[in-house]
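Here are my notes on the chain you sent. They go from the overall fold to one helix, and then to a single residue in a loop.

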Amino acid sequence: MPNKYDFAPSDKYLVHLRNKIWKLLPIYEGKDNTGEIVSSREKAYEKFYLSLSRLLVELTGAKNIETDNGYYVELIYLLEGMLSFSEDEHDRVRDIILHCCNLCEKISEVV
């Protein structure tokens with residue numbers, strides 16, 4: 001089925017997407033660009049949740065482009081599932097973020 005916009009995400013966009021996903025981890029950890037912890041756990045979680053929500057809006061908006069790509073769908077499902085994680089689940093957050101970055105690589109192989 002052709003997509004609504006008649007284009008597929010470029011490799012450049014997929015790298016950008018992977019970087020956005022990767023940046024969720026330091027946000028969750030409350031770190032700034034230098035790696036220093038600058039936010040309380042509660043404030044860091046608020047920023048993480050907001051960043052994750054924005055990313056999901058972007059991906060959900062693009063679903064008309066990549067609905068046939070199972071990796072893309074899995075990526076959305078995993079990120080959506082992370083919305084239910086608490087501020088005390090660092091290992092789970094890290095694991096899912098790493099897996100999502102790997103999915104971005106697989107998406108670029110399929111596109």
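1. In what follows, contact means heavy atoms within 4.5 Å. The model is predicted.

2. The chain has five helices and zero strands, and in sequence order the pattern reads α-α-α-α-α. Of its 111 residues, 33% are buried. The chain exposes about 6900 Å², with carbon and sulfur atoms supplying 53% of that area. Among contacts between residues at least 6 apart in sequence, 71% join residues at least 24 apart.

3. The length of α5 agrees with expectation, because 21 residues at 1.5 Å a residue should span 30 Å and the end C-alpha atoms are 30 Å apart.

4. Which residues of α5 are buried? They are Val93, Ile96, Ile97, Cys100, Cys101, Leu103, Cys104 and Ile107. These residues cover an arc of only 155° around the axis, so they sit on the same side of α5. The cover over them includes α1 (11-22), α2 (24-29), α3 (41-61) and α4. Asp91 and Glu109 are exposed, on the face of α5 turned away from the buried side.

5. Glutamate 89 is in the loop between α4 (70-82) and α5 (90-110). Is this residue buried or exposed? Glutamate 89 counts as buried because its relative accessibility is 17%, and the cut-off for buried is under 20%.

6. A polar atom of the glutamate 89 side chain lies 2.7 Å from the backbone nitrogen of serine 86. Setting aside neighbours within four places in sequence, glutamate 89 is in contact with Tyr28 and Ser84.

How values were computed: Residues numbered from 1 in each chain as written. Predicted model: local features only at pLDDT ≥ 70, side-chain atom pairs only at ≥ 80, totals over all residues. Heavy atoms only, no water. Helix = DSSP H or I, 4+ residues; strand = E, 2+ residues; numbered from the N terminus. Buried < 20%, exposed > 50% of the residue type's maximum accessible area, 1.4 Å probe, protein only. Polar contact = N/O pair within 3.5 Å; in protein donor to acceptor, adjacent residues only side chain to side chain. Expected span 1.5 Å × (residues − 1). Arc of directions from axis to C-beta. Areas by Shrake-Rupley, 256 points an atom, 1.4 Å probe, with all protein chains shown as cover.
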